Amino acid sequence: MKPTNKAKPERAGAPPDTGDMVTSTADGAEDAISLEALMAGDEKAFEQLVVQESPRLFRVIVRIVGDDDEAESILQETFLQAYQRMNTFRRESKLTTWLYAIGINLARASLRKSRRLSSLEDQEVERMQPQFNRGMFVETPAVWDPARVTEYSDRQQLVRRGIEELPEDYRTVVTLRDIEEYSTDEVAKMLDISSGAVRVRLHRARGALRKLLDPHMRRLPRQ
Amino acid sequence: MIPQGGIRYLNPKITPTVQTMKFLTALKTALGLAPGCEKVNEFLADYVEGTLDEKTMAQFEEHMDMCKCCSHYMDQYRQTIDMTKQLDDIVVPAELAEHTMFFLRNSEAFSKDEG
Ligand SMILES: [Zn+2]
């Protein structure tokens, strides 16, 4: 029995730790790939990994770089590097976590090169957090009315644009935690930061996103 | 119907109950007996995730019950997360994995055993 970290319970429905098998964590994919076969350079096993992880990893990379074609080529490079560096995988994390770390690093490098900037700066994210005076709210947050944005496509666009505006570190944490639903510990390993840092960044990212959604979601005064 | 109540509800400055609650919360906070809005806000992510310890959870919920600001904020925070979770705007190319395998087979990384 492995010791469990009580500060970080697995989300309901998450598959159990399968030891030497590689499963897609958030989905609980049925087909487990043998880690031994992967480590031995087995092509078939690797192809299974590519099929299993491509869609989600692609989505994560698209959120970082903001371009589908670029994301596809980064995805390919990620799997190539993973295949070539399989012998450096130390089993301190899940193989998928290690794979995502490679993909995220490549995506970040590409983003830096492209100089595509998000519209918000880190300091702006700070300013978008709720304001307190002597520990209490300065102003009462508005009541949100979900009925204001009922069209599915409008909602999608509103949230997508909000996420695109966030600085990359914040965008990536929201993508991994809230959209792809990886655990805090997994995200920490993927990004090589502490779990505490993931929590703080996620909380600020949600706070900033909330601020961006606020004008569209406030309940309108009755006529 | 109750237009006055509606107006008062929208403007906390002239709602005595909210002010009283705020005063009580502030008093308890000042005495170190309960966390204030700012502290409660820091617990929000863990509360949503269900990882708060029992004692903090009780303090958190007590504050939420009497603080309109925090309960409104939590509602916004939750809706933000829900809307984010529902996002599925990215279309994954149908032949993504095939393209990757094609790329790998052409890169000489694969098939080293066959040669
Ligand atoms: Zn409060």
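Domain bounds, as used in these legends, come from an automatic or database domain assignment. This is a predicted model, in which local features need pLDDT of at least 70 and side-chain atom pairs count only at pLDDT 80 or more, while totals for chains, interfaces and linings use all residues. Residues are numbered from 1 along each chain as its sequence is written, chains are lettered from A in the order in which they are written, and side-chain values use heavy atoms, with hydrogens and water left out.

**View 1. The two domains of chain A.** Chain A is divided into domain 1 (21-114) and domain 2 (122-219), and the centres of these two domains, taken over C-alpha atoms, are separated by 26 Å. In contact (heavy atoms within 4.5 Å) are 17 residues of domain 1 and 17 residues of domain 2.

**View 2. A salt bridge in chain A.** A:Glu180 forms a salt bridge (a side-chain nitrogen of Lys or Arg within 4 Å of a carboxyl oxygen of Asp or Glu) with A:Arg56, and their closest N and O atoms are 3.1 Å apart. Between domain 1 and domain 2 of chain A, the count is 4 salt bridges.

**View 3. Where chain A meets chain B.** Here 59 residues of chain A are in contact with 48 residues of chain B, and the area buried between the chains (the accessible area, with a 1.4 Å probe, that two parts lose on being put together, summed over both) is about 5,000 Å², of which carbon and sulfur atoms give 63%.

**View 4. A salt bridge between the chains.** B:Arg105 forms a salt bridge with A:Glu47, with the closest N and O atoms 3.1 Å apart, and the rule finds 7 salt bridges across this interface.
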